[in-house]
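Please walk me through this structure, with the cut-offs behind each term.

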Amino acid sequence: MTADYDVLRMPFSASGPIMEKPAEYGAEEIWGPIGLILRMQLADVSYAGYQCMSVRVERKCGMRTRHNAAVTRNVNRRTFLQHLSAGSVAATIGGHSFAHASANSGVASPDMPFDIATGNAPVEVIVPAVVPAIYSTVSPGANDATLVIRITTMITNVWFDAIAPYHPTAIGVYSNLGRRPASEATDANGNTAIFYASKRVLGSLLPQHAAEWYAMLESVGLDPDDARQDLTSAIGIGNAAGESIVNAREHDGMNQLGDEGGRSHNGQPYADYLGYEAVNTEFELNDPSRWQPQMISDRLGIFRMQRFVTPQMRVTMPYSYRTSVGMVAPPPEKSDPGNPGYKEQADQVLEVSANLTDYQKMAAELFDDKILGLGFSALFASGRHGLSLEGLVQYDFLTNMAAFDAAIATWSMKHRYDAVRPASAIRFLCGDDPVTAWGGPGMGAVHDLPASQWRSYLQTADHPEYPSGSTALCAAHGEASRLYLGTDALGWSVPLAAGSSRIEPGVTPATDMELGPWETWTDFVRECGLSRVWGGVHFMAAVTEGEKLGTPIGRGAYEFLMRHIDGTQT
């Protein structure tokens, strides 16, 4: 699946508007393609009011907040589904829209109350509740891959385990709760089990949102206080499945509770307890082949110094394999400043930076957000294939598990090689000499930029460069999707409004445009990788090796899932 890419080529031409705004919204407002809360996050702006979706409407709203948790958490099921459905109409396959495919899957209209007997709890209720919590509490841009993917994997895992007793042969990953009679294998029981299982896991992962998980069950007529664990009822099965996963994963190596490394008081959740120390500092590049933490500013006077985010991911317990020791990427030879390739790959990143198109910028932003790039491609594919509640649960767990296991292997290599990022290499090579490159938000390409002031279009991530984690995750996700769905065909596209950029709001893109279409998963993975070079955060070698690392992990995840479905996993 790996190929040499022309990173300067814009692979798809931008098109004009392909959908109309709903009549309820005024002419100034931007209509987003993937749901209101996601549109607000892609624009990197939240507003006090659902109608306010971009900096273009500041005059009307009168108040602007950045990642306002109180605002984002108020996006309800109706709003989420309404905008998700409307945005997805633009994405068609053979004349059939995603909204039509979703309807075939039993997903209710946003104007209808959730029907536990015929609805789809994950899509209609749980995802709209969890996504804002991730954005407001965990990762404002959903680009802290290890943290975001672990949450989504545990949630989808518990869905799978909660409905396994209603399948003829399936066995949960962390629980074996017996087999219920075929007459009980209804969506009502499946949804009920999923709700209670989700509440238990979400209470462990995001306890600060406990009131919301409580309200989530109340909103569909369930008693959040019902904690029984008898295995003859859907409520008991859900609670038992949730408890099993919490017990198995709270100490899986990721330090979720902050008590690893002998810490007994004042836990520091997800803190490094393995003792990684960077050889470079924010101000001094002692070794130009190694990762250098960056000083990050919110542009409002607050500065922070980067630390390697979750280096313990490399020892976290995977699903589909026992150890990542044999999953190895070759050394990044071009990251050695004595290698001619060191300057060549830095020059390539500068050339890309100087020629960035609106398409490349928006693609970089989309794939940087793991909920938008990975999560919503999966939701689209599940709708296109008309997956049932059971099918959606299996597929969503598979793609999240594949990405999670790919992240573990990738973090192992990142820790091993500790490779330099483009920003540090460019500054090392060029010092204060002027370069031609993107000059910052709204500046376009400039010709007098001191290299010491160069920055990548995307924020340089707080972990080493090689191999590309995003590419590995996309490759695992794509391979798992091909195998489960039985085809490489995808056909996904994302319409974007003018000025909806998170990094250049009000400026990029200059006109309404469309990302994609990604006709195949191969196209999707390819562009996910390229977007990391377009964003200025990776060299091409890291992309190539990230895809090589992630693809077989996706295959292994699929085989693991199938063993649990047919009941042969030991």
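**A hairpin, aromatic pairs and a buried aspartate**

Strands β7 and β8 form a hairpin with six residues between them, and Gly440 in the turn has a positive phi of about 115 degrees. This is a predicted model, in which local features need pLDDT of at least 70 and side-chain atom pairs count only at pLDDT 80 or more, while totals for chains, interfaces and linings use all residues. Residues are numbered from 1 along each chain as its sequence is written, and side-chain values use heavy atoms, with hydrogens and water left out.

Helices (H or I, at least four residues) and strands (E, at least two) are DSSP runs, numbered from the N terminus. Two strands count as paired if DSSP finds at least two bridges between them. Within this pairing, Ala437 stands opposite Val446 of β8.

The description now turns to the aromatic rings. A pair of aromatic rings is described by the distance of the centres and the angle of the planes. Rings of Phe, Tyr and Trp (its six-membered ring) pair if their centres lie within 6.5 Å; planes under 30 degrees apart count as stacked, over 60 as edge-to-face and the rest as tilted. The structure holds 21 aromatic pairs. One of them is the edge-to-face pair of Tyr319 and Phe404, at 5.7 Å centre to centre with 75 degrees between the planes. This pair links distant parts of the chain, 85 residues apart: Tyr319 lies in the loop between β6 (303-305) and α11 (340-354), and Phe404 in helix α14 (residues 389-417). Tyr319 is buried, with a relative accessible area of 7%, and Phe404 is buried at 1%. Here buried means under 20% relative accessible area, exposed over 50%, and partly exposed in between (1.4 Å probe, protein chains only).

Phe380 and Trp492 form a tilted pair, 6.5 Å centre to centre and 35 degrees between the planes. This pair also links distant parts of the chain, joining helix α13 (residues 370-384), which holds Phe380, to strand β9 (residues 489-496), which holds Trp492, 112 residues apart. Both Phe380 and Trp492 are buried. Tyr319 and Phe404 belong to one aromatic cluster with Phe160, Tyr174, Phe397 and Phe560.

Asp368 is found in helix α12 (residues 358-368) and counts as buried because its relative accessibility is 6%. The side chains of Asp368 and Arg502 are joined by a polar contact of 3.4 Å. A polar contact is a pair of N or O atoms within 3.5 Å; within protein, one must be able to donate a hydrogen and the other to accept it, and residues adjacent in sequence count only if both atoms are side-chain atoms.
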